[in-house]
Amino acid sequence: MPDIIEHLKKGTFEEQYWIPAHNDRRESSLFRSNKKFIRDECGSPCWVCGSLEQREVHHIFEWSLWNALDATKVTNILNAIEFYDDDYTSKATEADKLRAEIRRVTAEKPIVDTPDDIRNLVVFCRKHHRLKHTGIHTMTFPIWLSMAATPIKNAILSREQMLAAMERIRHIDEELAALAENNYTPHRL
Ligand SMILES: [Zn+2]
């Protein structure tokens, strides 16, 4: 047995970064067609939780930072993380179609040279994209990366659990507030 039991860790961070000169953000036709293809035509679920609700398409490497990036390094990192592995693609309603397109683009253009390339796009539900404490835009990379490496089945902590700590705390706060107001109903959690 481990020496330290499962527990909550809470922290605060602030970030600052420089953004290179870039064009006005406009939805390119490539982004529009890839978004439609991945999310709507292939039925790709949220990469984190597998949900098909409120799905959004996320740029893995930020659009606004793209001009400062080395395309070969970007490609190597995307290949290393392998967002479109069999585990994920098997959950898409059109798994073979999705895999075939990734293979086709990779054969045609080994290096990812635009942020709107399908290999730089991934589907997240709103909760795992932007919401506080659970979205990829609202947490540090070490935590997100560990969450991404949890197995889909037989996990000690599921991806949801790893990201759910603050929601649990909010529920507990609500329970305590109800208790303080003499309005407590057992088993609300
Ligand atoms: Zn999700």
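**Exercise 1.** What percentage of the 189 residues of the protein chain count as buried?

*Solution.* The model is a predicted one. A residue is taken as buried if 20 or more other C-beta atoms lie within 10 Å of its own. By this criterion, 19% of the 189 residues of the protein chain are buried.

**Exercise 2.** Describe the order of helices and strands in the protein chain.

*Solution.* The protein chain contains 8 helices and 2 strands. Read from the N terminus, their order is α-β-α-α-α-β-α-α-α-α. The C-alpha trace of the chain extends over about 65 × 40 × 35 Å along its principal axes. Among contacts with a separation of 6 or more, 66% join residues 24 or more positions apart.

**Exercise 3.** Identify the largest nonpolar core and the element that contributes most to it.

*Solution.* The largest nonpolar core comprises 14 residues. Those with the most contacts inside this core are Ile 38, Cys 46, Trp 47, Leu 121, Val 122, Val 123 and Phe 124. Strand β2 (residues 121-125) supplies the largest share of the core, 5 residues. Beyond its neighbours within four places in sequence, Cys 46 contacts Ser 51, Arg 55, Val 123, Phe 124, Cys 125 and His 128.

**Exercise 4.** Characterise the contact between domain 1 and domain 2.

*Solution.* The domain assignment places domain 1 at 29-139 and domain 2 at 150-189. Their centres, taken over C-alpha atoms, are 30 Å apart. Domain 1 and domain 2 each bring 5 residues to the contact. On the side of domain 1 that touches domain 2, the residues are 2 nonpolar, 2 polar and 1 charged.

How values were computed
Residues are numbered from 1 along each chain as its sequence is written. This is a predicted model: local features need pLDDT of at least 70, side-chain atom pairs count only at pLDDT 80 or more; totals for chains, interfaces and linings use all residues. Domain bounds come from an automatic or database domain assignment. Two residues are in contact if their C-beta atoms, placed from the backbone, lie within 7 Å. Ala, Val, Leu, Ile, Met, Phe, Trp, Tyr, Cys and Pro count as nonpolar, Asp, Glu, Lys and Arg as charged, and the others, Gly among them, as polar. Helices (H or I, at least four residues) and strands (E, at least two) are DSSP runs, numbered from the N terminus. A residue is buried if 20 or more other C-beta atoms lie within 10 Å of its own, exposed if 12 or fewer, and partly exposed in between; C-beta atoms are placed from the backbone. A nonpolar core is a set of buried Ala, Val, Leu, Ile, Met, Phe, Trp, Tyr and Cys residues joined through C-beta atoms within 7 Å.
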